[in-house]
Amino acid sequence: MVVHPVLLIAIPLIAAFIIPLAKKYGFAIAAGAMAFNMGYAIGMFSYIYSHGKIYEMIAGFKPPVGIFLAVDALSAMLALLINLFAFINFIAIGKEWNYKFSMLYLLAIAGSTGIVLTGDIFNMFIFFEITAVASYALIAGKKDEKAIEGAIKYMVLGSIASIFILMGIALIYSQLKTLNIYDIAARISSMDEKIKWASFALLLTGIGVEAEIFPLNGWVPAAYQGASSGVASLLSFGPSKAAIYAIARIMMVIFPFHATYEIALYVGVVTLVIGELAAFMQEDVKRMLAYSSIGQMGLILIAFSLASQNIQNALIAAFFLIISHASAKSSLFLLSRSPSMGGAACKYTGIVGVLSIIGMPPLAGFWGKWYLMLAAINEKLWLVIMLVFFAGIVEAGYFARYLHKSMGNESKLNLRYKVAMVVMVSFTILLGLLPIAYKMASLPLWGW
Amino acid sequence: MNYALVTPCYIAVAALLSIGLYGVVSKRNLMKIFISLSIMETGVNLLLITIGYVPEGTAPIENANFTKYVDPLPQALVLTAIVIGLSVTALAIAMLISYYEKKGSLEYKGGMKW
Amino acid sequence: MLDIIFAELIIAAIITFFVGKKIASIIAGFISILPLFALIDWANNFGFKTISFGIERQMNISVAGITLHLGITPLSWFFALMILPLFPLIMLYSYSFFKENDGFYPFMLFAFASTFGILLSKDMLSLFLFWEIMSWSSFLLVYRSRDKEAIISYLIFSVFSAFAILFGLMILWHENFSLLLSDIGRINGIYGFIAIASLIIGFSVKSVLMPLHAWAPFVYSKSDEPFVAFLSGGLSKLGYYGMFLFLFTLNGVKILQNYTPNVAWNYLLAVVGSLSAFVATMLAIMQDDLRKLLAYSSIGQLGYIAIGFGIGTPLAITGALFQAFNHAFFKAVLFLAAGAVAYRTGKWKISELGGLAYRMPLTFLAALFAIFALAAIPITSGFAAKWLLYEAAIQQKYVFIAPLMLIAGVGAFLYSFRILYGVFLGENRYPDVKEAPKSMIAAMFILMLPLIIFVVFPGYMLDLMKPALSNSGIESIAHTKFAIETSLAKYNSMAVLITLIAAMVPAFIIYKARKHRITSFEDNYLAGEPYEFHNPSMHAAHNFYKPLKGVVLPYFEPGATYYFEKIYKGIGILSNGIRRIYTGFVQDYAIYVVIFLLAVMGWLIWM
Amino acid sequence: MDVMGIAIKVALLTAYAVIGTCVGLLFMGIGRKIIARVHNRVGPPFYQNFIDVAKLLSKKTNISHGWIFDLALLFSISGILLTLLFLPIGGVQLLSMEGDAFLVLYLLAIPALGFALGAGASGNPNAGVGVMRALVMMLSYELPFIITLIALMIYYDTTSLATIVRMQSINGVKSWAITMPPFMLAAFAADMALQGMLMEQPFDIPVAPHEIASGPMVEFGGKYLGSLMLYKAIALVAETTLFVDLFLGGGVVAHGNFAFVINFIVWLALIFLLFILSILIAASFPRFRIEQAFGFYWKYEAIIAAISLIWVYILVIK
């Protein structure tokens with residue numbers, strides 16, 4: 001079988017363009033496209049799981065000039081994750097909206113998938129913009145005051161971010177005359193020292209806005225709070241995960257220097273601590289979950305930044321943390337629509353989600369923390385470990401408060417919502433139990 | 001390399017970025033903020049063009065008479081970037097309209113804090 | 001076989017989600033008997049002749065692609081002996097305790113499976129894995145209480161404990177590059193010291209040692225009684241199991257001593273334990289809520305075990321293990337009895353209860369016996385344990401610890417009597433209350449059996465713990481069936497018992513020589529006048545130890561419980577401060593972005 | 001041990017139980033007489049308490065409040081006899097080799113707890129208040145007493161009373177613990193604790209005649225009250241003997257074949273002196289309130305005891 005990862009981007013894009021032409025069938029077209037994407041992503045993942053990485057040249061142009069996609073195990077997994085959750089989430093929420101929503105949703109998904117799969121730095125920028133523009137509109141789609149305010153905040157910061165990304169790309173291009181990340185990586189040493197660092201700083205800042213790292217995440221609480229729960233769920237498993245992966249990719253492929261890892265580590269730790277602390281006293285559930293997401297993104301960034309020495313453990317940790325956070329947080333966001341956790345489905349979704357984020361076995365979050373610790377202890381980063389522990393305890397504090405506060409018998413969720421929630425959250429259980437941890441450890445996660 | 005033409009361009013880039021940034025940070029009116037963002041964007045586009053500039057180069061059209069032409073890729077990039085910038089601006093305007101409908105003003109007073 | 005037992009426990013846990021209350025409790029009860037067969041079988045390995053069921057001693061189970069090394073050791077066998085029998089009896093008790101099946105049984109079975117797993121685990125990963133499963137399953141049982149403080153404090157402390165344990169294990173792993181527990185012991189220096197210290201801190205959360213006990217009063221006083229019986233009786237022992245494992249079996253004491261040869265770190269543990277025993281006892285005296293009283297009493301009684309581990313001589317460790325065994329049973333009985341009382345009356349405040357002894361005589365008997373054991377009355381096994389600990393403290397000339405221990409022992413009389421008087425004796429306020437249901441009574445009486453056996457034969461208990469001690473290189477102390485002998489003195493339970501019975505003879509003669517008639521006290525005290533019982537402040541048990549109030553509460557209470565609230569509030573203030581970063585103005589956020597960019601750029605270019 | 005040995009042992013124990021009871025009752029009578037003389041009254045005859053007990057035990061009207069109430073009678077007498085028999089009396093070891101000072105300390109709690117159970121079962125609020133006071137008093141005086149006990153134990157490196165007595169009797173009076181400066185302090189603290197144990201003034205608030213309708217024993221009458229008096233008499237002997245064993249060498253001054261007669265007389269004299277001392281203190285001091293007593297014991301007495309403990313500890317570790 002020959003796999004064409006480009007279809008994962010092309011199909012939703014085409015579908016998104018068709019939808020305005022066939023407004024009545026918007027939901028069906030989008031659902032069909034996403035179902036295809038999901039199936040294709042599964043196929044691609046299983047292919048890579050057994051065969052290893054894939055390169056795809058678009059339109060036959062050869063790199064470094066041509067645009068191309070590079071898919072390794074981790075990015076295939078992320079593409080799978082995004083498309084799978086996107087489908088589930090869409091089935092749950094899609095029918096409540098009109099065709100525009102389906103279109104924007106498809107664009108956001110296509111963009112996120114593109115960020116993950118692309119091997120070209122300018123393409124990454126374009127996919128970022130597609131994702132971001134779609135997200136602005138999706139957030140504002142709720143059309144109340146808060147939604148629009150959140151969207152505007154995101155928009156202002158997102159625009160600044162895109163300017164910075166573009167500047168970073170321009171700086172790299174001015175020196176190396178190439179946009180292919182492997183080509184850049186190969187010749188990075190020939191770059192002027194100052195421009196090299198400046199371009200890294202610009203890229204980190206630009207992508208960091210999307211990846212919710214501190215202090216670039218001013219939009220996060222407002223956007224999550226303003227967005228409807230389905231969109232908040234999308235934001236938590238889609239764009240943010242793609243962006244953190246993009247940071248990791250740029251850091252690990254183009255700039256694999258001690259200083260960059262160090263910066264990522266510090267930024268991650270600060271993000272983690274600030275995010276968790278800010279969530280601690282938050283009364284609004286969605287805003288609390290947003291702050292908690294910030295903290296989790298910090299944790300994932302820490303995991304990636306440990307990859308300089310302990311690549312295996314660190315990447316497995318990142319893998320599990322991403323899975324755990326995506327599945328738990330998006331189901332919690334869906335749950336946040338109901339004022340309290342009435343009924344078994346809601347109750348146990350909430351509990352499992354919280355436990356996975358806290359890191360209890362046999363859920364995915366446990367393996368994440370376990371491997372993260374393995375990697376961190378190896379480098380004897382005592383302060384980092386202490387801060388991660390402290391953040392974990394703070395996290396336990398507000399999640400316990402959340403669990404207590406949302407205890408109740410009321411449940412306004414319909415069946416589709418509940419099913420979507422349960423399916424999403426069951427991934428954290430499944431991936432904790434299945435022997436993926438072991439298998440992942442033996443895979444060339446990062447094969448170039 | 002002849003910097004006579006390029007250096008003013010870089011100065012212009014810096015000026016546009018600074019003006020835009022100043023606008024974003026200091027203005028309260030959302031419309032002005034988005035205008036400032038557009039200015040910044042223009043600055044970055046200018047930067048890209050400048051990078052691709054080759055002194056005394058011509059347009060990158062294949063012609064046997066010219067061997068020296070400017071780098072075509074940045075121009076393609078800038079085209080894309082302009083399109084994206086336009087779409088963002090369009091969306092922003094749409095959103096500002098609805099913001100105005102809700103609040104009756106474009107003055108941004110802060111909200112959804114802490 | 002072992003994997004089948006685990007599988008059955010988990011399958012039963014899943015089944016009990018969906019079935020009715022009665023069936024669930026029957027399934028849970030029978031399934032939780034299974035591991036006891038394994039215990040009986042394994043006894044053959046430790047010098048006891050019992051029936052063999054062919055259950056293996058070692059087993060490797062693969063979960064999530066990672067191998068868990070399981071196996072029985074003498075130490076875990078002894079701890080299993082005191083923890084695992086609680087489960088079937090708690091299930092028996094819960095048969096009539098719960099009105100409906102709302103999530104008690106599944107998580108209890110998960111807790112059981114994980115407890116079994118912790119005891120069997122032979123590598124760090126499985127130890128930590130099962131420890132965490134135990135944490136969440138018990139958290140979900142606490143969650144049923146719907147009490148804010150209980151839920152928050154339990155989760156926070158569980159996570160704290162898990163992190164401390166994880167940290168310690170990780171250091172041990174890093175020093176040895178092996179997850180097997182048996183490979184530990186080759187480390188020295190500061191890392192070994194930190195590892196052992198953080199493991200002890202982690203385990204002492206679950207064993208409610210004093211500075212880390214703050215969750216216990218909330219959790220013990222708000223959760224379901226059958227669960228609390230397990231929490232106090234069983235779970236707290238797991239913390240001590242971990243401590244014993246790392247301190248003695250894996251030579252943690254030596255690691256500590258090698259790092260700083262002149263400082264007796266284990267002395268610190270003993271001091272903490274004695275302060276825990278003393279302060280918690282003092283606070284227990286002042287509680288009016290029956291469950292809170294028992295909670296503080298648990299903290300106090302468990303402090304003795306820490307003292308024993310801290311002193312660290314064979315005498316002290318024997319005493320500590322003995323105390324652990326006793327505590328598992330008598331505290332379970334007491335919590336179950338408290339549950340039975342609440343089941344019938346619906347009241348928890350001691351000052352609102354009273355006079356139940358004649359209405360619920362069997363419950364009273366069970367509670368009375370447990371209280372005798374708790375207060376270490378010499379004819380009970382509780383005394384033998386405490387006696388060993390006192391002897392150990394005197395032997396080592398620990399002049400700071402010994403008085404605190406002893407006065408805590410006296411304090412135990414005070415709160416014991418508060419339970420007896422306030423709940424069971426005194427004015428008869430509930431003339432219509434019936435005896436607790438049969439299953440509850442049966443559970444309590446079966447739980448009392450081990451206590452009764454070791455009353456007369458404390459030597460048997462020492463025999464039981466002998467394999468565990470000798471496996472850790474600790475010699476067991478000289479004893480016969482009835483008598484225990486130390487370098488300081490001797491304690492002969494048989495002499496006490498026989499003399500007591502003999503001394504009963506004159507008392508009995510006096511008792512039988514003249515007849516008596518039974519009257520209600522109203523005849524004497526009120527001369528038949530009607531009497532208003534329902535005003536709690538009229539009850540003598542209301543504000544019972546009032547004279548001590550001004551003495552105890554101002555000094556002990558702040559340090560004991562408020563510190564946690566202070567930290568919680570402090571983090572809250574910090575959080576409120578940090579949240580101010582998110583000012584709500586997008587312009588500010590833009591400034592942050594620029595500052596971040598400049599900072600990163602500056603850092604990278606100039607560093 | 002052969003049958004004869006057991007028979008002798010049983011006979012000896014029985015004899016000491018009877019002697020203890022008689023001595024206690026006698027002392028109580030003498031105490032009443034002395035207090036009366038201090039108060040400038042005539043007072044009852046010294047054998048008055050024998051008559052009282054005999055009368056109470058033979059009363060025909062006995063009011064009980066159920067089987068838990070009866071436990072008071074059974075436990076109080078048997079428990080205090082048990083305690084007495086685990087003490088070395090006048091150099092005779094009795095059962096004291098089978099237990100030690102901790103055992104005695106806890107055995108003393110059996111009658112108290114039984115008694116408290118009975119008082120509680122009576123349902124009378126006054127009884128409850130009385131028991132509460134008794135228990136708080138116990139908590140108060142135990143602290144200094146325990147500290148002095150530990151001082152002795154670490155000095156002699158034993159917890160067995162029999163051994164403590166033996167070590168103190170090596171050189172007769174000169175080797176008594178009380179002759180050593182640290183133990184003088186300790187003995188003072190322990191004597192104050194003894195005052196509380198005996199429930200004499202100024203620490204008699206648990207019983208508190210004229211205050212709470214006779215305290216814990218308010219519902220006790222007939223055989224119940226009689227047994228209580230017996231308990232009190234034996235407890236008097238047991239508690240003073242404990243003090244004598246700890247500080248005064250158990251009264252052992254002589255060694256040899258018939259030394260036990262001399263030792264017995266010395267023991268008797270010593271516990272009598274202790275009792276008189278406590279009676280005199282009782283006669284001349286007013287009553288403490290319960291929190292005052294608590295403060296007295298936990299502040300002043302405990303500090304005195306702690307000083308002696310630290311002193312002894314320094315002596316020992318040298």
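1. In this predicted model, 66 residues of chain D are in contact with 62 residues of chain C, contact being C-beta atoms, placed from the backbone, within 7 Å. α6 (125-156) of chain D provides the largest share of the chain D side, 16 residues. That side divides into 40 nonpolar, 17 polar and 9 charged residues; Ala, Val, Leu, Ile, Met, Phe, Trp, Tyr, Cys and Pro count as nonpolar, Asp, Glu, Lys and Arg as charged, and the others, Gly among them, as polar.

2. Strand β5 (residues 517-518) of chain C pairs with β1(D) in the parallel sense over 2 bridges, where pairing requires at least two DSSP bridges. C:Ile518 stands opposite D:Ser64. Helices (H or I, at least four residues) and strands (E, at least two) are DSSP runs, numbered from the N terminus.

3. Chain C contributes 46 residues to its contact with chain A, and chain A contributes 57. By class, the chain C side has 35 nonpolar, 6 polar and 5 charged residues.

4. Within chain A, the axes of α10 (residues 229-237) and α14 (residues 311-335) come within 8 Å and cross at roughly 170 degrees, the axes being lines fitted to C-alpha atoms over the stretch in contact and the angles running from 0 to 180 degrees between N-to-C directions. The two helices, α10(A) and α14(A), are therefore roughly antiparallel, a term for angles over 145 degrees.

5. Residues are numbered from 1 along each chain as its sequence is written, and chains are lettered from A and ligands numbered from 1 in the order in which they are written.

Notes. This is a predicted model: local features need pLDDT of at least 70, side-chain atom pairs count only at pLDDT 80 or more; totals for chains, interfaces and linings use all residues. Two residues are in contact if their C-beta atoms, placed from the backbone, lie within 7 Å. Angles under 35 degrees count as roughly parallel, over 145 as roughly antiparallel, 65 to 115 as roughly perpendicular and the rest as oblique.
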